[in-house]
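Please open the structure below in your viewer and get ready to select a few residues. We will go step by step.

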Amino acid sequence: MDAVRLIVTSRRALTGSSGMPETMTEVWQAQALAQAIGSRLAVAGPPELRGEALGLTELAGRGCGVLDTPRLTTEELRAAQLTDLGDARQALLCLGGLLGEVSIALVGVACAADDESTYWQCMEAIDAADESRDRVREMLRRLADREEALPGREAG
């Protein structure tokens, strides 16, 4: 499945999640998907994005690592369904939106947390999501710079 479709599916699932366990599972799924997209861009994306994409992979992996790993089958794991990035710019735009929604959902969970452990898991996951979103923004900026430079090269 292509990245944009998986991101849209994740956004819907996150928005529709009810209760802390379901929300945390969807946050983990979103972080895993960001990690998979970053990995794919690092290997096969535009050369200008590879360093930032590797950073996204590491940050999103940290976001997964601070959360309890949900029990999901391979078929339920959206990141495992990623077969195609499609348009890198569109995928990154959508991923940035998803990561923003992840942070918002985590703030809600942290505010409702009954225990300190859950609260701090959320805080660390928010940091990872925000830093991941910063990487996505940087990749979008680099793509824009690349597109601006292309007409100049073609004219010369």
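This is a predicted model: local features need pLDDT of at least 70, side-chain atom pairs count only at pLDDT 80 or more; totals for chains, interfaces and linings use all residues.

**Stop one: threonine 23.** Select threonine 23, which sits in helix α2, running over residues 20-44. Is threonine 23 buried or exposed? Its relative accessible area is 9%, and the cut-off for buried is under 20%, so threonine 23 counts as buried. Now show its side chain: it reaches the backbone oxygen of glycine 19 at 2.9 Å. Leaving aside residues up to four places away in sequence, threonine 23 touches Leu14, Ser17, Ala105 and Val109.

**Stop two: the helix pair.** Next, select α2 together with helix α4, residues 88-112. How far apart are their axes? The distance is 10 Å, and the two helices pack at an angle of about 150 degrees. Angles over 145 degrees count as roughly antiparallel, so that is how α2 and α4 are described. Their crossing is left-handed. Colour the residues of the contact: from α2 they include Thr23, Val27 and Ile37, and from α4 they include Leu95, Ala105 and Val109. By type, the contact of α2 with α4 has 16 nonpolar residues, two polar and no charged.

**Stop three: alanine 110.** Stay in helix α4 and pick alanine 110. With a relative accessibility of 6%, alanine 110 counts as buried too. Which residues does alanine 110 touch, not counting those up to four places away in sequence? They are Tyr119, Cys122 and Met123. Finally, draw a distance between the C-alpha atoms of alanine 110 and glutamine 121: they are 11 residues apart along the chain and separated by 8.4 Å.

Conventions
Residues are numbered from 1 along each chain as its sequence is written. Side-chain values use heavy atoms; hydrogens and water are left out. Helices (H or I, at least four residues) and strands (E, at least two) are DSSP runs, numbered from the N terminus. Buried means under 20% relative accessible area, exposed over 50%, partly exposed in between (1.4 Å probe, protein chains only). A polar contact is a pair of N or O atoms within 3.5 Å; within protein, one must be able to donate a hydrogen and the other to accept it, and residues adjacent in sequence count only if both atoms are side-chain atoms. Contact means heavy atoms within 4.5 Å. Axes are lines fitted to C-alpha atoms, for helices over the stretch in contact, and angles run from 0 to 180 degrees between N-to-C directions. Angles under 35 degrees count as roughly parallel, over 145 as roughly antiparallel, 65 to 115 as roughly perpendicular and the rest as oblique. A crossing is left-handed if the near helix is turned anticlockwise from the far one by less than a right angle, and right-handed if clockwise. Ala, Val, Leu, Ile, Met, Phe, Trp, Tyr, Cys and Pro count as nonpolar, Asp, Glu, Lys and Arg as charged, and the others, Gly among them, as polar.
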